[in-house]
Amino acid sequence: MKIYENNKGNITIEWDIMIKQMYDFIGLYDHSTQVMNDYIGYWNIGGYQGNGIKDTGIACDRNCDYYLKYWRVVETNSLTAATTTQSIFSSPSNYKVIEIATLKGNPSISISGEPGEPLLVKWSHYKCSNPNNFIGIHSSNNSLPHNPSRYLDWCYANKFNGEFKSKLINRGLPYYAVLWAKVKSSQKFIPLSISSKLGPSSKRLSIVEAYNTNENHGPLSNSINLNIRWHNIHYYHIHDYVFLSINKNVQITENNNNNNNNNNNNNNNNNNNNNNNNNNNNNNNNNNNNNNNNNNNNNNNNNNNNNNNNNNNNNNNNNNKKNNNNKIENKALSYLTGQSYLVKNYSNGICETSYQLNGLDESEDFVANYCSYSHEEKKYTLIEQRVFKEYSNWMSIHWEKIKNKMVRELIIPGSHDATTYAINSSSKRSPDYKSPNFTPDLIISKWSKTQSATIYKQLLFGVRYFDLRVAPYPTTGELWTIHNMFSVPISEVLDDIERFMKNGPKREILILHWNHLDYLSKEQHVQLQTMIKQKLSPLMAPRTLGNDVTVQQLELTPIINVYDDGFKKSEAEESQNPKNDTIEFEPLFWYFYQSLRSSYETKEYHTSKTVIRFLEREIEKNHSTFWVLQCILTVNSQLNFNNIIKIAKDSLFSWNNSEIPTFLNFLDKLERNQTKCNIIMTDFCTFMDVTQYAIRRNIS
């Protein structure tokens, strides 16, 4: 037999007329099936008198596979003269297939669209497509689409010239496009072609610490406020949620997820119900949202919109508990706080879990979890997890993958003015303060404080480069860290580093950058160097290792101390008043001018756009030393009206926080382009997670 498309676009079939027997027939099928009567056309050829060639009149859909089957009666002895063809057909068990011919289709379908842009589907052979076939856009986390009714958007397959621009916006979910064909006999649909998966966009899930906006936040606080942060904040399913757990083995059950679906919608509804003076307005049914919005004035003091199961009498319903912070009780999921949080309620991508980790025990482990709802599967899937413990040991964990890299090729999270966490309005001004003297200390402090976490906390969060500035305290001469104001004694900083490294040499490489040392006398330089050596000398790397030092070479001496006393050999040879070389006979300290580049231009650091332009120029340069990308912002202190208003009303933290997405997008661009970088220095480094970025790029 043969089957092919003729010049009219119809299907033509051929068979050998010499082998025919009475009651033989040929069936044409548009899908693979074992059922005889599923044909889209059949021909009784037992009594056919023609030449064995027939134009079926059925249009050929080039997206379909066609099967031509030759059927013959199994037992002819049982047939009598009274037997009719129709009676034989009514009993398919009388037949068997003796030959099959196929006409293979060549369907193709694709789906595309950048996050935030409409989804675009393209497919082949739209002109000849069956008018009953359709294109469906599906979202599925774990499996290929299998249910034709669970599409998010659709169009007929013979329309739009094979190119359908959906009204759906790419929200970072996993998308598929499917060409569905209708089976004539059963009226069901089967997939002819399924596109490759588009997405999902990575959530860039991370654990960060909440910034305590209290001006008198204590610097010695021995706890961490664990929060969950995610990137791509505009792209999510409306039912996605996050939570903290005590381990990675999390049980996701349908009942618990249904509860989570219903949780937190009162947050949005209450915003719209401004005229309701209700005490317990609990909206637990997602499908009731629109009703609630349209009936703002008709709700009673106890307005309970119950769930789809209509459990109106369930007084113990967890979702009806007071829940002012968008949280639900759900102990079955190993929730650390007994709560989960709907992503849609956190427009900035930061969820404050209210969980406080006390004691800062490195053996403790906590996990941030992101659950996404699959429209196709009608269930939740755990799509991303972030383990907190990985932060504090990230170099050790991935040692085998990074050990052969040069340190200047490694991406390292850095902390700008790393010790300013203790600055407040009561702090004394330091000698590096250059702004007008009449500025109130309260304003100076909120623009000088660049970090909210102690050095030890920063180490736990994976930070490995520290910008450390030192000056003598006015009344005691004790060495303190500075940034416009005095913050903490150097002894506290060294104690934190020693504490982190206390259990023998860790495979965690640190770069301590001692700079802005212009306010130290020769004796105070000696004092500072002595203090550093007393605490860290067994772990300090000698500068003879040079700038091409590899990670492996630092296994036993993982701390590099870059010491910027202002000395430059070229200036010493040419200048009449050169800076003193205070580390000439201190081989455990590295010359700044030889080993580190940290470039900065004040005029270009007042907006994120100008900062990024400056950084892009830095990236293009050839670097033979360790080098720093300063992803930071500096307020413009010029005395004009706009600057004065900004300085008075705003703070470095709020300004920095609003620009974090811009800097993260810049880093993502570097990753996409595989652009080399080394130390990425930020403000509030436990709040802007660069550690996961560094891990991902270093091991890729």
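Of the 700 residues of the chain, 54% count as buried, and the model in which they are placed is a predicted one. The exercises below go from the whole chain to single residues.

**Exercise 1. The chain as a whole**

State how many helices and strands the chain has, and find what share of the contacts with a separation of 6 or more comes from residues 24 or more positions apart.

Solution. Begin with the secondary structure, where the chain has 17 helices and 33 strands. Then turn to the contacts: among those with a separation of 6 or more, 71% are accounted for by residues 24 or more positions apart.

**Exercise 2. Two helix pairs**

Decide how helix 10 and helix 11 are oriented to each other, and then do the like for helix 14 and helix 16.

Solution. Two packed helices are described by the angle between their axes and by the distance between those axes. For helix 10 (residues 490-500) and helix 11 (residues 522-536), the angle is about 25° and the axes are 10 Å apart. Angles under 35 degrees count as roughly parallel, and helix 10 and helix 11 are therefore roughly parallel to each other. Helix 10 passes helix 11 in a right-handed crossing, and the residues that make the contact include Ile-490, Leu-494 and Ile-497 of helix 10 together with Leu-528, Met-531 and Leu-536 of helix 11.

For the second pair, helix 14 (residues 608-619) packs with helix 16 (residues 652-672) at an angle of about 25°, and the axes are 11 Å apart. Helix 14 and helix 16 are therefore roughly parallel to each other, and helix 14 passes helix 16 in a right-handed crossing. Among the residues in this contact are Val-611, Ile-612 and Leu-615 of helix 14, and Thr-662, Phe-663 and Phe-666 of helix 16.

**Exercise 3. Aromatic rings**

Count the aromatic pairs, and describe the pair formed by Phe-567 and Tyr-591.

Solution. The count comes to 34 aromatic pairs, taking rings whose centres lie within 6.5 Å. In one of them, Phe-567 and Tyr-591 lie 6.0 Å apart from centre to centre with 40° between the planes, and this pair is tilted. The pair links distant parts of the chain, 24 residues apart, since Phe-567 is in the loop between strand 29 (559-563) and helix 12 (569-574) while Tyr-591 is in strand 30 (residues 589-591). Both Phe-567 and Tyr-591 are buried.

A further step is to look for a cluster, and ring pairs do link Phe-25, Tyr-29, Tyr-39, Tyr-42, Trp-71 and Tyr-95 into one. The ring of Tyr-29 also has the charged end of Lys-69 over it, 5.2 Å from the ring centre. Elsewhere, Arg-499 lies over the face of Tyr-456, at 3.8 Å from the centre of that ring.

**Exercise 4. Thr-686 and helix 17**

Is Thr-686 buried or exposed, and why is helix 17 described as largely enclosed?

Solution. Locate Thr-686 in the loop between strand 33 (679-682) and helix 17 (691-699). The relative accessibility of Thr-686 is 3%, and so this residue counts as buried. Leaving aside neighbours within four places in sequence, Thr-686 is in contact with Val-208, Glu-209, Ser-452, Ala-453, Gln-458 and Phe-461. In helix 17 itself, 7 of the 9 residues are buried, so the helix is largely enclosed by the rest of the structure; Tyr-693, Ile-695 and Arg-697 are among the buried ones.

**Exercise 5. Residues in loops**

Describe the backbone at Pro-200, His-125 and Asn-161, and then say what Lys-104 touches.

Solution. Most residues other than glycine have a negative phi, and most peptide bonds are trans. Gly-199 and Pro-200, however, are joined by a cis peptide bond with omega of about 0°, and Pro-200 is in the loop between strand 14 (189-194) and strand 15 (206-209). His-125, although not a glycine, has a positive phi of about 55°, and at 22% relative accessibility it counts as partly exposed. Asn-161, also not a glycine, has a positive phi of about 55°, and at 58% relative accessibility it counts as exposed.

Lys-104, in the loop between strand 7 (95-103) and strand 8 (109-112), is exposed, with a relative accessible area of 57%. Not counting residues up to four places away in sequence, Lys-104 touches Cys-64, Asp-65 and Tyr-67.

Conventions:
Residues numbered from 1 in each chain as written. Predicted model: local features only at pLDDT ≥ 70, side-chain atom pairs only at ≥ 80, totals over all residues. Heavy atoms only, no water. Phe/Tyr/Trp six-rings, centres within 6.5 Å; stacked < 30°, edge-to-face > 60°. Helix = DSSP H or I, 4+ residues; strand = E, 2+ residues; numbered from the N terminus. Buried < 20%, exposed > 50% of the residue type's maximum accessible area, 1.4 Å probe, protein only. Lys NZ or Arg CZ within 6 Å of the ring centre and 35° of its normal. Contact = heavy atoms within 4.5 Å. Axes fitted to C-alpha atoms, helices over the stretch in contact; angles between N-to-C directions. Parallel < 35°, antiparallel > 145°, perpendicular 65-115°, else oblique. Left-handed = near helix turned anticlockwise from the far one by under 90°.
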